[in-house]
Amino acid sequence: MIINIVSDFMADNSSTVSVVIPVYNESSNLKDLIGRTLSACRALNCPFEIILVDDGSRDGSDAAITEAAKEYKGEIVGILLNRNYGQHAAVMAGLAQVKGGIIVTLDADLQNPPEEIPRLVSKINEGYDVVGSIRTPRHDSLFRRFSSILVNKMTASVTGIVMHDYGCMLRAYRRTVVQAMLKCQERSTFIPVLANSFARKTAEIEVKHVERHAGGSKYSLWKLVNLQFDLLTSITTLPLRILSFVGVIVALMGVGLGIMILILRVIWGPEWAAKGVFTLFAILFIFIGGQFTAMGFLGEYIGRTYVDVRARPRYFVQSVEGESRLEQQDTLVSSQ
């Protein structure tokens, strides 16, 4: 009788929840993070697993995750990567291990409270494939808020799916969407956009956003710029089309300028042309700068093509600590 109930429950794996949390040098937050996330998941009253992915931390976070996997057997699984691969690669490593029908991703910095997890699960159970979140009120620097607005508008115009906060990692996905993402082999992955490309119905909810109470942001200005390049070049070829359009405009302007200089030379004589040498040099430098910009964009796409063609793994898992309760239930069902 009990086995039949378990089998029926596992057949509808939408009733199971996996929470994936990438961790990088968050030892000061881990104890609080684990406790609050466990409380939030236990409140769901359904089987769950919490997957903590250590992204090559150097502050002892990996040891803390290993201890948590031992202490909370069946509830916490630790995945230890051999070095730092970046947040999105770490999340993909966690997604590759999930057993639940609903997957929630969460940052380890506690700026997005784990207590919001039940609300995401409740919303996705209304029939959505992806549920995003909007950080309210936003506790970030002016630069990060401004860049977030630009990214959200650009992404919405390219994908056709309007979401107001693509930068928030607190999101929920159907297992079918996650399985589709795992089949994608590109190395420059921006998970929220990739997920939306496979989603039929999406939604958003407002979630709390608080200031960091420990540790610091792992995103420097340079990393944020690289993230924007990853986003731009991984979802569209629009920059190449814009460059082609700008190239035509610049060429027509060059022809027009040449005709104008020829006419003025005829009207005012060669002395006028000699006095305009520096102006011509300035215009030449503008054109050269435009060419280098175009070559830079082309180089970005060619470089990413080269990386994808090599097909190297996104990450290398050093070890997996603990065993998920969902995995145990899967084994029980398959043995019957």
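## Exercises on loops, a helix face and salt bridges

N45 sits in the loop that runs between helix 2 and strand 2. Helices here are DSSP runs of H or I with at least four residues, strands are runs of E with at least two, and both are numbered from the N terminus. This is a predicted model, in which local features need pLDDT of at least 70 and side-chain atom pairs count only at pLDDT 80 or more, while totals for chains, interfaces and linings use all residues. Residues are numbered from 1 along each chain as its sequence is written, and side-chain values use heavy atoms, with hydrogens and water left out.

**Exercise 1. Find the phi of N45, then state how exposed the residue is.**

Step 1. Phi of N45 is near 60°, which is positive although the residue is not glycine.

Step 2. Learn the cut-offs: buried is under 20% relative accessible area, exposed is over 50%, and partly exposed is in between (1.4 Å probe, protein chains only).

Step 3. N45 has 71% relative accessibility, so it counts as exposed.

Step 4. Now take N25, in the loop between strand 1 and helix 2. Its phi is near 55°, again positive in a residue other than glycine. At 23% relative accessibility, N25 is partly exposed.

**Exercise 2. Work out where the buried residues of helix 3 lie around its axis.**

Step 1. Helix 3 covers residues 61-71, and S61, I65, T66, A68 and A69 are buried in it. These residues span an arc of only 160° around the axis, so they are on the same side of helix 3. The arc is taken from the directions that lead from the helix axis to the C-beta atoms.

Step 2. Recall the general rule: an α-helix has 3.6 residues a turn, so residues three or four places apart point the same way.

Step 3. Look at the face turned away from the buried side: it carries the exposed residues K70 and E71.

Step 4. List the packing partners of the buried residues. They are strand 1 (17-23), helix 2 (27-42), strand 2 (48-54), strand 3 (76-81) and strand 8 (317-321). Contact means heavy atoms within 4.5 Å.

**Exercise 3. Describe the salt bridge of E115 and R36, and say which parts it ties together.**

Step 1. Start with the definition: a side-chain nitrogen of Lys or Arg lies within 4 Å of a carboxyl oxygen of Asp or Glu.

Step 2. E115 and R36 meet at 2.9 Å, N to O. E115 is in the loop between strand 4 (102-105) and helix 5 (117-124), and R36 is in helix 2, so the pair ties together parts 79 residues apart in sequence.

Step 3. E115 is partly exposed at 42% relative accessibility. R36 is partly exposed too, at 23%.

Step 4. Count: the structure holds six salt bridges.

**Exercise 4. Decide whether R135 and D165, a salt-bridge pair, are buried or exposed.**

Step 1. Their side chains meet at 2.7 Å, N to O. R135 is in strand 5 (residues 130-136) and D165 is in the loop between helix 6 (142-159) and strand 6 (171-174), so this pair links distant parts of the chain, 30 residues apart.

Step 2. R135 has 11% relative accessibility and counts as buried. D165 has 3% and counts as buried.

Step 3. Finish with a network: salt bridges with shared partners join D32, R36 and E115.
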